[in-house]
Amino acid sequence: MVTQDAADYPADAMEVARRLEYLTPHHAWYAPFAKEVHGAGRILVDGLAGGPLLKNFMVSGAALEATTQAERSAAVLASLSLGQPTQPFLSKAAAQWMDETVREQFQAATSMLHGHRAELPLSVLHTRTVRGIARSAVNLVGPEASFAAPFIHPEFFDAALSVGVARKDKGRFYREVLYAANPRVAALPSTNVIKQPLQRVPLRSTAAPARNYSHRMLEVLVSRVPNLLSDELHEVVAGGPDALTRFNGWNDRFWVRGLVLFGLWLSDFENDLSDLATPF
């Protein structure tokens, strides 16, 4: 078990963001584990890409049932997107620009996959997995240590893609693979299906050190790009670090982390940036 000190969260979050080139607010939790891997001198086996390849992870029922390309693309993008926060985080102009830009960029990133028999999992792998999830192994475990990702071995990858998404629905195909590999393992209850009793522990990402760090980065946005944020979020930031405790849901916390990441980028490159002009 790798313990995580709440006081270390700000430093971990900043280090991870910089190593990941500010591409995702994920993975701050991973930093203590990555350091353990570095010290162990062993190869990490990572299940990278297993979810989309074997279990239709991030492939919704709407995407499976879509009858047109437009419906299919919209459904996949919706699965990959955060839901709406409990209150507006972005100004109306910023939110509209963001929605349009994301749709255009997602179309550009996945259009070459349209019509492919494995379009749905490949769309997830080509965007979320490559740009965000894979960064934990590539940029945090590496370059100090090596990792192995058996699910992206070419032969396994091709075999998994040859199986239709309908057969993978609700994890059925993943169970078949497990059973073929080891029936005893396949018989174990899945944490994805049967929710085991969990011992809740306080999240260090919501503790006072994290709130202070997040508030500092949000203040950078208030100062440098005030028209990015909604009036409601301006009021929250004006209330100080403890005002962030109202964002206690998973979805809201990810919205906060995304904005905090942008604030860190602005802070890190402050000397290289002149007056900022937003595109909305």
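Here is a short walk through some residues of this structure, which is a predicted model.

With a relative accessible area of 14%, leucine 77 is buried, because buried means under 20%. Leaving aside residues up to four places away in sequence, leucine 77 touches Val102, Arg103 and Phe106. Valine 59 is 18 residues from leucine 77 along the chain, and their C-alpha atoms are separated by 9.4 Å.

Next comes helix H8, residues 135–141, where you will find asparagine 139. Asparagine 139 also counts as buried, at 16% relative accessibility. Its contacts, not counting residues up to four places away in sequence, are with Arg19 and Leu20.

Now for the aromatic rings. The whole structure contains 10 aromatic pairs. One of them joins tryptophan 29 and tyrosine 30 edge-to-face, with 5.1 Å centre to centre and 70° between the planes. Tryptophan 29 is exposed at 52%, whereas tyrosine 30 is buried at 6% relative accessibility.

Tryptophan 250 and phenylalanine 254 have ring centres 4.5 Å apart and planes at 50°, so this pair is tilted. Both residues belong to helix H15 (residues 250–268), and they sit 4 residues apart, about one turn of the helix. Here tryptophan 250 is exposed at 55%, while phenylalanine 254 is buried at 12%.

Elsewhere, lysine 55 lies over the face of tyrosine 174, at 4.7 Å from the ring centre. Finally, look for the aromatic cluster formed by Tyr22, Phe262, Trp265 and Phe269.

Key. Residues numbered from 1 in each chain as written. Predicted model: local features only at pLDDT ≥ 70, side-chain atom pairs only at ≥ 80, totals over all residues. Heavy atoms only, no water. Buried < 20%, exposed > 50% of the residue type's maximum accessible area, 1.4 Å probe, protein only. Contact = heavy atoms within 4.5 Å. Helix = DSSP H or I, 4+ residues; strand = E, 2+ residues; numbered from the N terminus. Phe/Tyr/Trp six-rings, centres within 6.5 Å; stacked < 30°, edge-to-face > 60°. Lys NZ or Arg CZ within 6 Å of the ring centre and 35° of its normal.
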